[in-house]
Amino acid sequence: MSANFYFGVEVFLNGLMAGVMYSLVALGFVLIFKASGIFNYAQGVMALFAALTLVGFQNGQIPFAHLINAIFGTDLHHFGWHMPAFLAILCALGVMILFAFLVERYILKHLVNQEPIILFMATIGLAYFMEGFGDLMWGSDIKKLDVGIPQGGNIWLEENTAFLGGEDFYGFYLDNLDIWATVLAAILVTSLVLFSQYTKTGRALRAVADDHQAALSVGISLRSIWVIVWSIAGFVALVAGIMWGSKSGVQFSLSLIALKALPVLMLGGFTSIPGAIIGGLIIGVGEKMFEFLIGAPFLGGATENWFAYMLALLFLVFRPQGLFGEKIIERV
Amino acid sequence: MKMTKLAAFAATAITMASPVLADLVFPSLSYRTGPYAAGGIPFADGYADYFTMVNARDGGIGGVPIKMIECETGYNTEKGVECYESTKGEGALVYQPLSTGITYQLIPKVTADGIPMHTMGYGRTSAANGKVFSNVFNYPANYWNGASNAVNHILDINDGNIEGKTIALVYHNSAYGKEPIRTLEELSKKHGFKLSLLAVDHPGQEQKSQWLQIRREKPDYVVMYGWGVMNQVAVQEAANIRFPMENFIGIWWSGGEHDVLPAGDAANGYKALTFHGVGKDYPVFADVQKYVVEPGNAAGAGDQIGTAVYNRGFYAAMLAVEAAKTAQEIHGVKDITPAMMRDGMEALVIDEAKMTALGMPNFGPSFSVSCENHGGPGLGGVAQWDAGAKEWKLISDYAPSDMEVIGELIVEDSMAFAAENNIEERCN
């Protein structure tokens with residue numbers, strides 16, 4: 001086989017890995033949409049906020065320090081500790097659960113029975129509020145995120161596959177961070193599936209997802225379910241924030257990762273957890289292979305963004321509910 | 001009448017007899033929020049701190065206090081234009097929009113309103129031709145100078161011969177990122193290197209395809225025109241594929257501390273172009289400490305002093321103040337108008353003696369501006385990141401760019417603009 005063939009395989013594998021990273025973001029959207037019919041525009045900002053909070057705890061940063069200093073003329077910035085990553089993750093998760101409570105208490109509770117577009121607009125407001133709140137709380141500077149996940153090319157894989165393609169092939173390149181993301185995504189999806197299938201709360205979640213009114217009639221508290229779902233989405237956002245933040249540092253453009261999740265949702269469907277994974281993989285591989293085979297050699301490159309959406313659009317035309325989404329039939 | 005009352009009366013009479021000088025207004029179109037805030041904050045802080053220092057230390061420019069009006073653009077073109085419209089009535093002397101998109105929108109507006117605009121190291125490159133662009137200045141260096149500075153540095157480390165070498169340009173897929181392509185194409189013909197172009201779509205969080213291509217093609221050097229998150233991801237991806245960092249050169253907009261710090265030690269050796277000093281080992285920073293920091297008047301959180309982009313804002317403000325001083329000298333008045341400020345910018349001379357007197361020896365290149373040349377000579381230096389010390393180190397002098405190639409491109413582009421807009425050449 002020629003080196004080019006193996007380079008193609010390498011691009012394919014990296015496309016799968018990139019797809020997993022997109023899926024991590026898409027999962028949060030699916031969870032909330034499935035349980036409440038809300039397209040949560042704030043999911044990307046939740047990932048940013050979770051990552052900011054995690055780094056803040058890790059570095060012992062004093063929240064709202066700039067604001068406090070501006071008002072009282074103090075010079076506060078850090079508590080002086082460095083929190084272990086695991087503990088900081090737990091604390092950040094606690095903040096995301098608190099956030100879920102507050103969202104339910106102050107937004108969702110007041111919008112029960114409103115049109116989906118109203119709920120969608122509420123999440124737009126929430127997104128911009130959180131972006132500003134995160135800025136005020138933790139500052140706008142770019143923060144290095146290190147929770148111990150290794151980064152860089154996997155040298156073992158590179159060395160042990162270098163023999164495949166002759167002199168021009170240097171072995172397969174896979175980023176250690178992406179490999180970790182894949183393992184984490186697998187654990188996450190398995191846990192979510194087990195949780196929804198085999199726990200009482202999981203069954204309640206599925207009941208609410210199927211029919212709000214019916215779930216209410218058998219005594220399931222819609223408000224508790226929303227808190228649980230937003231908490232789980234907050235946890236997924238934290239995982240996505242960790243993986244993406246490790247790549248680029250934690251910064252405000254992290255909220256834009258939501259743009260990468262949209263074609264995944266269009267393709268995989270808004271209501272399917274496996275759909276988010278499979279959709280992510282198809283988008284990841286599709287955009288990377290297109291860039292490798294056609295985009296870079298013939299179109300000047302940078303085709304990935306629009307190709308992902310075009311691919312999703314094609315699927316939409318033939319299967320509007322996405323690959324795994326539920327077909328919505330409304331009786332009139 | 002008692003003596004004290006007499007003295008007070010005399011003082012009031014003297015004050016009323018003197019002409020009332022309005023403040024000299026310098027708007028700051030900043031972006032402290034949004035995805036690009038990490039780059040916007042240090043520039044805005046540096047810009048503000050220099051003016052604060054001049055007010056506190058010198059009582060303003062020629063005795064007239066400076067009034068800086070900050071307006072948040074969020075790096076958004078529409079908001080930038082709104083900022084311009086809402087502040088120009090305050091008597092704004094010069095605009096520094098800090099965005100190529102805003103610059104393009106403001107070129108016809110500032111020209112019509114007679115207000116000068118300074119786009120230092122960004123904006124429309126061919127605005128360097130003062131014969132066509134009467135109110136736009138981009139000294140001391142522009143995007144095309146940057147491309148040539150990078151190639152010159154590569155020539156320097158290869159004993160002047162780069163024939164057969166490959167240089168890859170990783171660029172933000174926008175008007176800004178595409179700016180150096182034409183210059184690099186011309187330089188590749190001149191020096192015989194192969195140019196490989198790799199576009200990265202906004203915002204640049206995912207660059208796996210581009211860096212896998214670099215790993216496959218193994219270019220000798222990578223030049224980057226990036227912005228925002230694209231920079232941090234590119235530095236990390238380069239480290240991941242073990243691309244030699246000393247062969248990776250970013251334009252000045254890819255050369256902030258925030259661009260390299262997230263990659264940690266892996267970013268060691270990465271290079272970035274610059275047209276101003278790095279760090280705070282300059283006498284002027286003692287004045288910043290005394291007149292700005294200690295009285296508690298530092299802009300923002302006061303934690304950016306000496307960073308690369310802070311120094312850029314600081315340098316931009318210094319050039320604005322020096323141009324205002326020049327305008328005051330030319331016109332013999334202290335209370336200058338935007339038209340006078342434009343004259344001052346067009347007659348600006350920055351030399352080492354002046355920089356030393358300002359407490360900024362070798363902080364920037366020596367250059368002069370003229371009616372014909374609003375861009376200066378395009379001198380640029382190279383800074384290298386020391387990850388251990390967490391600081392940039394200037395590793396070259398401010399060297400000239402290839403004006404033989406760039407000059408022709410500037411004339412070609414600016415004359416096309418003049419023809420499209422029926423602009424008559426000036427300076428004849």
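Two residues are in contact here if their C-beta atoms, placed from the backbone, lie within 7 Å. With that in hand, I looked up chain A: residues 24 or more positions apart account for 74% of its contacts with a separation of 6 or more.

**Ground rules.** I am reading a predicted model, where local features need pLDDT of at least 70, side-chain atom pairs count only at pLDDT 80 or more, and totals for chains, interfaces and linings use all residues. Residues are numbered from 1 along each chain as its sequence is written, while chains are lettered from A and ligands numbered from 1 in the order in which they are written.

**Confidence.** I checked pLDDT, the predictor's confidence in each residue, from 0 to 100. Chain A averages 90, and 98% of its residues reach 70 or more.

**Chain A fold.** I took helices (H or I, at least four residues) and strands (E, at least two) as DSSP runs, numbered from the N terminus. Chain A has 13 helices and zero strands. Its radius of gyration is 21 Å, close to the 20 Å that the globule rule gives for 332 residues, so chain A is as compact as a globular protein of that length. That radius is taken over C-alpha atoms, and the rule is 2.2 Å times the number of residues to the power 0.38. I call a residue buried if 20 or more other C-beta atoms (placed from the backbone) lie within 10 Å of its own, exposed if 12 or fewer, and partly exposed in between. By that count, 49% of the 332 residues of chain A are buried.

**Record check.** The unreviewed UniProt entry marks "transmembrane region" on chain A, including residues 45-65 and 225-244. UniProt positions are in the numbering used here, feature names are shortened, and annotations may be inferred rather than shown by experiment. I found residues 45-65 of chain A to be 76% helix and 0% strand, with end C-alpha atoms 21 Å apart. Residues 225-244 of chain A are 100% helix, and their ends lie 28 Å apart.

**Helix 5 of chain B.** B:P140 sits in the loop between strand 4 (136-137) and helix 5 of chain B. Helix 5 (residues 143-157) of chain B spans 22 Å from first C-alpha to last, close to the 21 Å expected at 1.5 Å a residue; the expected span is 1.5 Å times one less than the number of residues. Of its 15 residues, 12 are buried, among them B:W144 and B:H153. After the helix comes B:D159, with a positive phi near 55 degrees. B:D159 counts as exposed, with 7 C-beta neighbours inside 10 Å.

Most residues other than glycine have a negative phi, and most peptide bonds are trans. B:H202 and B:P203 are joined by a cis peptide bond too, omega about 0 degrees.
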